[in-house]
Amino acid sequence: MPEENLGNQCTPMLDEDQTIPKTICETILQEHSHELEQSINADINEEPQNPVYDTQPKLPLSGSRVLIAGSSVLKGIDPSKLKDYIDVHVHRGANVLDLYEDIRNMDLSTYNTIIIHVGGNDASSKMNVQQFVDIFQEIINFVRCQNCRAIVSGILPRIQCDVTEYNTILKQMCHYNDVKFISNYESFVYKDDHIAKSFYTTDGIHLNRYGTIKLLANVNKVIKVFKGKQIQHHLNQQNRNRYQSSSHQYYANNFRRSPTKPRYQSRSNMNTTDRRNF
């Protein structure tokens, strides 16, 4: 554009105490400013996003019941011992994909909370960790789309299988999604990280009665599931053993002082020979 034409468009020149009208020059500057703002916003939007964790907005919860869904680790749960609003869904041998399909085919309209416990079979089969958490993320997304709250119950330790990596990435996923994570691992191992076999059946995978109660006790810290008073007296001995190493427990069980022989005797109860040699 010729300079003289541009100058004509920018007139008239006004005194300082006068209001400046909206000229074509100002319009051009505003257009360029708008284009610059759009460019900046585009650059911000093009920043790399986390490809795994896709948090969703919190929605009002629907329903009034709670569902505990998972693999055969939950098979020892007796729903009649739990509060009336608790339902239990067990898929024996399920991996994370199996449970995802189960949940997708359920009517979740009556539930406001889904507690998800799965992953041990995925760890045993050495499923790719990233693929595992991707499918788990889909479960979380689906549950939230049903206006339900998701709670993740951490994977239990099992014999001849390291579940640490799977638990770690599950915990990270829960953190990014603002989902409650129930850490179960520490409750089922000794201080030296050996598995507490007193909570398991002979296969070292499934829980016995005490292990089932212990798992539910961990869940009960987040959401009340026990009917009436919590069954705590069954866990007293198991909780004591948790704080001892497996080697110390072996020593205590096999080299315990005989209960029939008192540790000390009073002199009045000793015979004459014993008192003389005392």
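Let me start with strand 3 (residues 111-117), which pairs with strand 4 in the parallel sense over 4 bridges. Two strands count as paired if DSSP finds at least two bridges between them. Helices (H or I, at least four residues) and strands (E, at least two) are DSSP runs, numbered from the N terminus.

A word on the source. This is a predicted model, where local features need pLDDT of at least 70 and side-chain atom pairs count only at pLDDT 80 or more, while totals for chains, interfaces and linings use all residues. Residues are numbered from 1 along each chain as its sequence is written, and side-chain values use heavy atoms, with hydrogens and water left out.

Back to the strands. Ile 114 has Ala 150 in strand 4 as its bridge partner, and Ile 115 stands opposite Ile 151. Strand 4 is also joined to strand 5 (residues 180-182) by 3 bridges, and these two run parallel. There, Ser 153 stands opposite Ile 182.

How buried is strand 4 (residues 149-153)? Of its 5 residues, 4 are buried, so the strand is largely enclosed by the rest of the structure. Buried means under 20% relative accessible area, exposed over 50%, and partly exposed in between, with a 1.4 Å probe and protein chains only.

Next, helix 6 (residues 164-177). Together with strands 4 and 5, helix 6 makes a right-handed β-α-β unit. Right-handed means that, with the strands pointing away from the viewer, the path from the first strand over the helix to the second runs clockwise. Gln 172 sits in helix 6 and is partly exposed, at 39% relative accessible area.

Last, the aromatics. The whole structure has 4 aromatic pairs. Rings of Phe, Tyr and Trp (its six-membered ring) pair if their centres lie within 6.5 Å; planes under 30 degrees apart count as stacked, over 60 as edge-to-face and the rest as tilted. Phe 132 and Phe 136 have ring centres 5.8 Å apart and planes at 70°, so they are edge-to-face. Both lie in helix 5 (residues 129-145), 4 residues apart, and both are buried. With Tyr 166 they form one aromatic cluster.
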